[in-house]
Amino acid sequence: MIVNINFDSYLELEKIADKVFYPLDGFMTKEDFKSVVKSMRLKNGNIFPLPVLLPIEQNKKNNINLNEKILLNFKSNIVGEILVKSIFEIDFNKYIKPLFGTEDKEHPGFKMLVKTGNCFIGGPVKLIKKVSYKYSKYSYTPKDIKKKIKNMKLKSVAGFQTRNVPHKAHEHILHLALKEVEGLFIHPLIGKKKVGDFMPEAVLSSYELLIKLHLPKNRVILGALTTSMRYAGPREAVFHAIIRRNFGCTHFLVGRDHAGVGNYYGEYEAQKLCLKLEKELKIKIIKIRGPFYCKYCKKITTDNVCQKLDYKVEVSGTSIRNDLINNKRINSRFMRPDIVKLIRKSDIFIK
Ligand SMILES: [Zn+2]
(Lines give C-alpha, C1' and ligand atoms only; values in the text may rest on other atoms or scores of the structure.)
Protein backbone atom coordinates (compact mmCIF):
# COMPACT_ATOMS: atom_id res chain seq x y z
CA MET A 1 0.00 0.00 0.00
CA ILE A 2 1.23 3.48 -0.91
CA VAL A 3 0.04 6.80 0.51
CA ASN A 4 0.87 10.22 -0.94
CA ILE A 5 2.26 12.81 1.42
CA ASN A 6 2.74 16.54 0.91
CA PHE A 7 5.98 18.44 1.32
CA ASP A 8 5.26 19.59 4.88
CA SER A 9 4.69 15.99 5.98
CA TYR A 10 7.84 14.93 4.16
CA LEU A 11 9.82 17.50 6.14
CA GLU A 12 8.26 16.23 9.38
CA LEU A 13 9.08 12.64 8.45
CA GLU A 14 12.70 13.65 7.96
CA LYS A 15 12.76 15.49 11.31
CA ILE A 16 11.39 12.45 13.14
CA ALA A 17 13.88 10.11 11.45
CA ASP A 18 16.82 12.42 12.17
CA LYS A 19 15.78 12.56 15.86
CA VAL A 20 15.12 16.30 15.69
CA PHE A 21 11.88 15.60 17.60
CA TYR A 22 13.37 12.98 19.94
CA PRO A 23 11.90 11.21 21.93
CA LEU A 24 9.14 11.16 19.30
CA ASP A 25 9.93 8.22 17.00
CA GLY A 26 6.94 8.34 14.71
CA PHE A 27 3.88 10.30 13.71
CA MET A 28 1.57 10.56 16.70
CA THR A 29 -1.13 8.03 17.43
CA LYS A 30 -4.52 9.16 18.64
CA GLU A 31 -3.48 8.39 22.23
CA ASP A 32 -0.30 10.43 21.90
CA PHE A 33 -2.18 13.33 20.35
CA LYS A 34 -4.77 13.40 23.13
CA SER A 35 -2.16 13.08 25.82
CA VAL A 36 -0.04 15.87 24.28
CA VAL A 37 -3.02 18.21 24.15
CA LYS A 38 -4.08 17.41 27.69
CA SER A 39 -0.79 17.23 29.56
CA MET A 40 2.01 18.21 27.13
CA ARG A 41 3.26 14.66 27.38
CA LEU A 42 3.37 11.64 25.10
CA LYS A 43 1.43 8.62 26.25
CA ASN A 44 4.68 7.20 27.70
CA GLY A 45 5.06 10.27 29.93
CA ASN A 46 7.82 12.04 28.02
CA ILE A 47 7.38 15.76 27.76
CA PHE A 48 6.23 16.86 24.30
CA PRO A 49 4.01 19.91 23.81
CA LEU A 50 2.68 19.94 20.23
CA PRO A 51 1.08 17.56 17.73
CA VAL A 52 3.15 16.01 14.95
CA LEU A 53 0.60 14.35 12.69
CA LEU A 54 0.47 12.58 9.35
CA PRO A 55 -2.66 13.54 7.41
CA ILE A 56 -4.10 11.15 4.84
CA GLU A 57 -6.90 11.52 2.33
CA GLN A 58 -10.31 10.57 3.71
CA ASN A 59 -10.94 8.01 0.95
CA LYS A 60 -7.73 6.10 1.81
CA LYS A 61 -8.79 5.53 5.37
CA ASN A 62 -10.87 2.40 4.84
CA ASN A 63 -8.12 0.67 2.86
CA ILE A 64 -5.52 0.97 5.61
CA ASN A 65 -5.14 -1.68 8.30
CA LEU A 66 -3.56 -1.55 11.72
CA ASN A 67 -0.03 -2.99 11.89
CA GLU A 68 0.32 -2.66 8.13
CA LYS A 69 3.52 -1.20 6.71
CA ILE A 70 2.71 1.64 4.34
CA LEU A 71 5.02 3.27 1.85
CA LEU A 72 5.05 7.06 1.78
CA ASN A 73 5.18 8.65 -1.64
CA PHE A 74 6.22 12.19 -2.41
CA LYS A 75 6.07 13.31 -6.07
CA SER A 76 6.54 9.77 -7.49
CA ASN A 77 9.33 8.88 -5.06
CA ILE A 78 9.01 6.45 -2.19
CA VAL A 79 10.57 8.54 0.56
CA GLY A 80 9.67 6.61 3.69
CA GLU A 81 7.48 4.08 5.43
CA ILE A 82 5.22 3.94 8.44
CA LEU A 83 4.04 1.03 10.55
CA VAL A 84 0.42 1.91 11.18
CA LYS A 85 -0.48 1.81 14.86
CA SER A 86 -3.40 4.20 14.77
CA ILE A 87 -5.96 5.41 12.23
CA PHE A 88 -8.07 8.29 13.48
CA GLU A 89 -10.01 11.48 12.95
CA ILE A 90 -9.63 14.73 14.85
CA ASP A 91 -12.03 17.61 15.24
CA PHE A 92 -9.51 20.36 15.97
CA ASN A 93 -12.26 22.71 17.19
CA LYS A 94 -12.25 20.71 20.43
CA TYR A 95 -8.56 21.35 21.01
CA ILE A 96 -8.05 24.97 19.99
CA LYS A 97 -8.09 26.32 23.54
CA PRO A 98 -5.47 24.02 25.13
CA LEU A 99 -3.19 24.18 22.09
CA PHE A 100 -3.38 27.88 21.23
CA GLY A 101 -4.83 29.45 24.36
CA THR A 102 -7.74 30.98 22.46
CA GLU A 103 -11.15 30.21 20.99
CA ASP A 104 -10.44 32.44 18.00
CA LYS A 105 -10.71 30.34 14.84
CA GLU A 106 -8.66 32.98 13.01
CA HIS A 107 -5.54 32.05 14.97
CA PRO A 108 -2.94 31.37 12.21
CA GLY A 109 -1.59 28.21 13.85
CA PHE A 110 -5.08 26.81 14.27
CA LYS A 111 -5.96 27.64 10.68
CA MET A 112 -2.86 25.86 9.43
CA LEU A 113 -3.68 22.79 11.52
CA VAL A 114 -7.30 22.64 10.32
CA LYS A 115 -6.12 22.89 6.71
CA THR A 116 -4.21 19.60 7.06
CA GLY A 117 -7.55 17.74 7.14
CA ASN A 118 -9.15 15.58 9.81
CA CYS A 119 -7.91 12.08 8.97
CA PHE A 120 -4.54 10.79 10.24
CA ILE A 121 -2.36 7.74 10.66
CA GLY A 122 0.26 7.31 13.36
CA GLY A 123 3.13 4.96 14.10
CA PRO A 124 6.92 4.58 13.90
CA VAL A 125 8.57 5.71 10.66
CA LYS A 126 11.61 5.06 8.54
CA LEU A 127 13.10 7.59 6.13
CA ILE A 128 14.10 6.10 2.79
CA LYS A 129 15.09 9.25 0.90
CA LYS A 130 16.30 12.49 2.43
CA VAL A 131 14.60 15.74 1.47
CA SER A 132 16.45 17.54 -1.29
CA TYR A 133 15.43 21.12 -2.04
CA LYS A 134 16.72 24.65 -2.23
CA TYR A 135 17.52 24.96 1.47
CA SER A 136 18.68 21.41 2.22
CA LYS A 137 22.29 22.54 2.46
CA TYR A 138 21.31 24.52 5.58
CA SER A 139 19.23 21.71 7.09
CA TYR A 140 21.71 19.83 9.25
CA THR A 141 20.88 16.81 11.39
CA PRO A 142 21.46 16.83 15.16
CA LYS A 143 24.39 14.50 14.50
CA ASP A 144 25.99 17.04 12.13
CA ILE A 145 25.64 19.90 14.58
CA LYS A 146 26.88 17.91 17.58
CA LYS A 147 29.96 17.08 15.54
CA LYS A 148 30.47 20.74 14.59
CA ILE A 149 30.13 21.82 18.22
CA LYS A 150 32.76 19.25 19.18
CA ASN A 151 35.12 20.27 16.40
CA MET A 152 34.78 23.93 17.33
CA LYS A 153 35.52 22.96 20.96
CA LEU A 154 32.51 24.85 22.27
CA LYS A 155 31.68 23.67 25.79
CA SER A 156 28.39 25.53 26.01
CA VAL A 157 26.14 26.52 23.15
CA ALA A 158 22.94 28.55 23.17
CA GLY A 159 20.29 27.78 20.57
CA PHE A 160 18.53 30.75 19.01
CA GLN A 161 15.14 30.30 17.37
CA THR A 162 13.97 32.93 14.92
CA ARG A 163 11.75 33.34 11.88
CA ASN A 164 12.83 36.91 11.14
CA VAL A 165 15.54 38.92 9.47
CA PRO A 166 17.74 40.17 12.33
CA HIS A 167 17.27 43.70 13.58
CA LYS A 168 19.54 45.31 16.13
CA ALA A 169 17.61 44.04 19.15
CA HIS A 170 18.09 40.47 17.89
CA GLU A 171 21.76 41.17 17.41
CA HIS A 172 22.00 42.56 20.93
CA ILE A 173 20.44 39.37 22.27
CA LEU A 174 23.07 37.30 20.47
CA HIS A 175 25.89 39.41 21.92
CA LEU A 176 24.41 39.10 25.41
CA ALA A 177 24.21 35.33 25.02
CA LEU A 178 27.85 35.19 23.96
CA LYS A 179 28.76 36.62 27.36
CA GLU A 180 27.12 33.62 29.01
CA VAL A 181 28.06 30.78 26.69
CA GLU A 182 30.93 29.86 24.41
CA GLY A 183 28.94 29.33 21.25
CA LEU A 184 25.73 30.14 19.45
CA PHE A 185 23.60 27.96 17.24
CA ILE A 186 21.50 30.32 15.14
CA HIS A 187 18.70 28.12 13.89
CA PRO A 188 16.04 30.00 11.88
CA LEU A 189 12.84 28.10 11.27
CA ILE A 190 12.15 28.03 7.54
CA GLY A 191 9.43 25.37 7.20
CA LYS A 192 5.85 26.36 6.49
CA LYS A 193 5.10 29.86 7.74
CA LYS A 194 2.16 32.19 7.29
CA VAL A 195 1.73 34.76 4.54
CA GLY A 196 3.53 37.95 5.52
CA ASP A 197 6.39 36.17 7.34
CA PHE A 198 9.93 36.54 6.01
CA MET A 199 11.10 34.42 3.09
CA PRO A 200 13.70 31.76 4.06
CA GLU A 201 16.15 33.31 1.60
CA ALA A 202 15.98 36.73 3.29
CA VAL A 203 16.44 35.24 6.77
CA LEU A 204 19.33 32.93 5.89
CA SER A 205 21.27 35.36 3.73
CA SER A 206 20.96 38.13 6.32
CA TYR A 207 22.25 35.86 9.08
CA GLU A 208 25.12 34.76 6.88
CA LEU A 209 26.04 38.41 6.45
CA LEU A 210 25.59 39.20 10.15
CA ILE A 211 27.86 36.32 11.14
CA LYS A 212 30.46 37.23 8.53
CA LEU A 213 30.68 40.90 9.45
CA HIS A 214 29.42 41.37 12.98
CA LEU A 215 29.72 38.18 15.05
CA PRO A 216 32.71 36.03 16.13
CA LYS A 217 32.67 33.43 13.33
CA ASN A 218 34.56 30.80 15.31
CA ARG A 219 31.81 30.78 17.95
CA VAL A 220 28.71 30.74 15.77
CA ILE A 221 26.98 27.98 13.80
CA LEU A 222 24.13 28.67 11.35
CA GLY A 223 21.61 26.02 10.33
CA ALA A 224 17.98 26.00 9.21
CA LEU A 225 15.14 24.23 10.96
CA THR A 226 12.85 22.83 8.30
CA THR A 227 9.68 22.32 10.28
CA SER A 228 6.41 24.25 10.26
CA MET A 229 5.74 27.20 12.52
CA ARG A 230 2.79 26.50 14.83
CA TYR A 231 2.39 30.00 16.33
CA ALA A 232 1.62 28.23 19.60
CA GLY A 233 3.56 30.57 21.90
CA PRO A 234 4.50 28.94 25.24
CA ARG A 235 3.95 25.37 24.03
CA GLU A 236 6.01 26.05 20.95
CA ALA A 237 8.80 27.54 23.08
CA VAL A 238 9.00 24.19 24.87
CA PHE A 239 8.95 22.40 21.49
CA HIS A 240 11.76 24.64 20.24
CA ALA A 241 13.79 24.02 23.41
CA ILE A 242 13.46 20.24 23.00
CA ILE A 243 14.62 20.51 19.39
CA ARG A 244 17.71 22.60 20.26
CA ARG A 245 18.59 20.23 23.11
CA ASN A 246 18.50 17.44 20.55
CA PHE A 247 20.97 19.43 18.43
CA GLY A 248 23.42 19.50 21.33
CA CYS A 249 22.70 22.96 22.71
CA THR A 250 23.25 23.42 26.44
CA HIS A 251 21.22 26.63 26.56
CA PHE A 252 18.19 28.06 24.79
CA LEU A 253 17.15 31.68 24.39
CA VAL A 254 13.53 32.54 25.12
CA GLY A 255 12.20 36.06 24.70
CA ARG A 256 9.17 38.12 25.61
CA ASP A 257 6.72 36.52 23.17
CA HIS A 258 8.40 33.40 21.86
CA ALA A 259 6.64 31.88 18.82
CA GLY A 260 3.82 34.32 19.45
CA VAL A 261 1.59 36.03 16.96
CA GLY A 262 -0.77 38.98 17.47
CA ASN A 263 -1.78 39.32 21.11
CA TYR A 264 -2.67 35.71 21.83
CA TYR A 265 -0.08 35.10 24.55
CA GLY A 266 0.97 36.95 27.67
CA GLU A 267 4.31 38.75 27.99
CA TYR A 268 6.99 36.31 29.18
CA GLU A 269 4.43 33.48 29.38
CA ALA A 270 6.67 31.30 27.20
CA GLN A 271 9.66 31.96 29.48
CA LYS A 272 7.69 31.00 32.55
CA LEU A 273 6.59 27.69 31.07
CA CYS A 274 10.09 26.81 29.86
CA LEU A 275 11.62 27.67 33.23
CA LYS A 276 9.08 25.53 35.01
CA LEU A 277 10.06 22.56 32.85
CA GLU A 278 13.77 23.44 32.57
CA LYS A 279 15.11 20.49 34.54
CA GLU A 280 13.10 17.95 32.67
CA LEU A 281 13.90 19.54 29.32
CA LYS A 282 17.61 19.15 30.12
CA ILE A 283 18.49 22.52 28.61
CA LYS A 284 19.11 25.79 30.44
CA ILE A 285 16.77 28.62 29.56
CA ILE A 286 18.33 32.04 29.03
CA LYS A 287 15.65 34.65 29.66
CA ILE A 288 15.71 37.51 27.23
CA ARG A 289 14.25 40.84 28.25
CA GLY A 290 13.35 42.83 25.16
CA PRO A 291 16.27 45.08 24.21
CA PHE A 292 15.38 48.63 23.11
CA TYR A 293 17.09 51.68 21.68
CA CYS A 294 17.98 54.30 24.30
CA LYS A 295 18.11 57.87 23.04
CA TYR A 296 20.21 58.84 26.06
CA CYS A 297 22.85 56.09 25.73
CA LYS A 298 22.48 56.25 21.95
CA LYS A 299 22.56 52.49 21.64
CA ILE A 300 20.60 49.27 22.05
CA THR A 301 20.33 48.24 25.69
CA THR A 302 18.08 46.43 28.18
CA ASP A 303 16.26 47.61 31.29
CA ASN A 304 18.65 45.86 33.65
CA VAL A 305 21.48 48.00 32.22
CA CYS A 306 19.74 51.32 31.59
CA GLN A 307 16.82 52.66 33.61
CA LYS A 308 16.37 55.92 31.70
CA LEU A 309 13.04 54.65 30.46
CA ASP A 310 11.91 58.09 29.24
CA TYR A 311 14.51 57.71 26.50
CA LYS A 312 13.37 54.24 25.52
CA VAL A 313 12.43 53.54 21.89
CA GLU A 314 11.13 50.06 21.11
CA VAL A 315 12.73 48.23 18.20
CA SER A 316 9.48 47.29 16.54
CA GLY A 317 9.59 44.35 14.17
CA THR A 318 6.16 45.37 12.93
CA SER A 319 7.16 48.90 11.98
CA ILE A 320 10.38 47.67 10.33
CA ARG A 321 8.21 45.23 8.39
CA ASN A 322 5.85 47.99 7.27
CA ASP A 323 8.74 50.19 6.17
CA LEU A 324 10.20 47.29 4.19
CA ILE A 325 6.85 46.65 2.51
CA ASN A 326 6.45 50.32 1.63
CA ASN A 327 10.05 50.59 0.50
CA LYS A 328 10.76 53.27 3.08
CA ARG A 329 14.14 54.02 4.61
CA ILE A 330 14.93 51.88 7.66
CA ASN A 331 16.57 53.77 10.50
CA SER A 332 20.07 52.34 11.09
CA ARG A 333 19.38 52.49 14.83
CA PHE A 334 17.08 49.55 14.28
CA MET A 335 18.49 47.51 11.41
CA ARG A 336 21.91 47.40 9.82
CA PRO A 337 21.96 49.12 6.43
CA ASP A 338 24.02 46.29 4.89
CA ILE A 339 21.28 43.83 5.85
CA VAL A 340 18.51 46.09 4.54
CA LYS A 341 20.37 46.45 1.25
CA LEU A 342 20.92 42.71 0.95
CA ILE A 343 17.33 41.61 1.58
CA ARG A 344 15.91 44.26 -0.75
CA LYS A 345 17.59 42.46 -3.65
CA SER A 346 14.95 39.69 -3.65
CA ASP A 347 11.48 38.90 -2.30
CA ILE A 348 11.37 39.69 1.40
CA PHE A 349 7.96 38.34 2.47
CA ILE A 350 5.94 35.20 1.86
CA LYS A 351 2.99 36.00 -0.40
ZN1 LIG B 1 20.08 54.52 28.29
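## Helix H2

In this predicted model, helix H2 spans residues 30-39, and its buried residues are Asp 32, Phe 33 and Val 36. Viewed along the axis of H2, these buried residues fall within an arc of 100 degrees, so they line one face of the helix. A general point of helix geometry applies here: an α-helix has 3.6 residues a turn, so residues three or four places apart point the same way.

The buried residues of H2 pack against strand S7 (119-127). After H2 comes Met 40, which has a positive phi, near 60 degrees.

## Overall make-up of the chain

The chain contains 11 helices and 15 strands. Its radius of gyration is 21 Å, close to the 20 Å that the globule rule gives for 351 residues, so the chain is as compact as a globular protein of that length. Along the principal axes, the C-alpha atoms fill a box of roughly 70 × 45 × 40 Å.

Of the 351 residues in the chain, 42% are buried. Among contacts with a separation of 6 or more, 74% are between residues 24 or more positions apart.

## Two domains

The chain is divided into domain 1, covering residues 2-127, and domain 2, covering residues 136-343. Taken over C-alpha atoms, the centres of domain 1 and domain 2 are separated by 28 Å. Domain 1 gives 21 residues to the contact and domain 2 gives 24 residues.

On the side of domain 1 that touches domain 2, the elements giving two or more residues are helix H1 (7-17), helix H3 (96-100) and helix H4 (108-115). H1 supplies the largest share of that side, 4 residues.

## Helix H5 and its cover

Helix H5 runs over residues 142-151, with Pro 142, Ile 145 and Ile 149 as its buried residues. Seen down the axis of H5, the buried residues fall within an arc of 65 degrees, so they line one face of the helix. The face turned away from this buried side carries the exposed residues Lys 143, Lys 150 and Asn 151.

The buried residues of H5 are covered by elements that include the strands S8, S9 and S10 (220-222), together with helix H8 (233-246). Just after H5, Lys 153 adopts a positive phi of about 55 degrees.

## Strands S8 and S9

Two of the strands that cover H5, S8 and S9, are also paired with each other: S8 (residues 157-162) and S9 run in the parallel sense over 6 bridges. Within this pairing, Ala 158 has Leu 184 in S9 as its bridge partner.

How many of the residues of S9 are buried? The count is 6 of 6, and the strand is mostly covered. In a regular strand the side chains alternate between the two faces of the sheet. In S9, Gly 183, Phe 185 and His 187 lie on one side, Leu 184, Ile 186 and Pro 188 lie on the other, and both faces are covered.

## Lys 192

Lys 192 is found in the loop between strand S9 (183-188) and helix H7 (200-214).

Leaving aside residues up to four places away in sequence, Lys 192 touches Asp 8, Met 112, Ser 228 and Met 229. The C-alpha atoms of Lys 192 and Leu 113 are separated by 11 Å, and the two residues are 79 residues apart along the chain.

## The sheet of S13, S14 and S15

An open sheet of 3 strands has the order S14-S13-S15 and antiparallel pairing. Strand S14 (299-301) and strand S15 (312-314) stand at the edges with a single partner strand each, so one side of each is left without a neighbour in the sheet. On average, neighbouring strands of this sheet are turned by 40 degrees against each other, direction ignored.

Strand S13 covers residues 292-294 and pairs with S14 in the antiparallel sense over 3 bridges. Opposite Cys 294 stands Lys 299 in S14. Strands of a sheet pair through backbone hydrogen bonds, either parallel or antiparallel.

Notes: Residues are numbered from 1 along each chain as its sequence is written. This is a predicted model: local features need pLDDT of at least 70, side-chain atom pairs count only at pLDDT 80 or more; totals for chains, interfaces and linings use all residues. Two strands pair if DSSP finds at least two bridges between them. Axes are lines fitted to C-alpha atoms, for helices over the stretch in contact, and angles run from 0 to 180 degrees between N-to-C directions. A residue is buried if 20 or more other C-beta atoms lie within 10 Å of its own, exposed if 12 or fewer, and partly exposed in between; C-beta atoms are placed from the backbone. The arc is that of the directions from the helix axis to the C-beta atoms. Two residues are in contact if their C-beta atoms, placed from the backbone, lie within 7 Å. The radius of gyration is taken over C-alpha atoms; the globule rule is 2.2 Å times the number of residues to the power 0.38. Domain bounds come from an automatic or database domain assignment.
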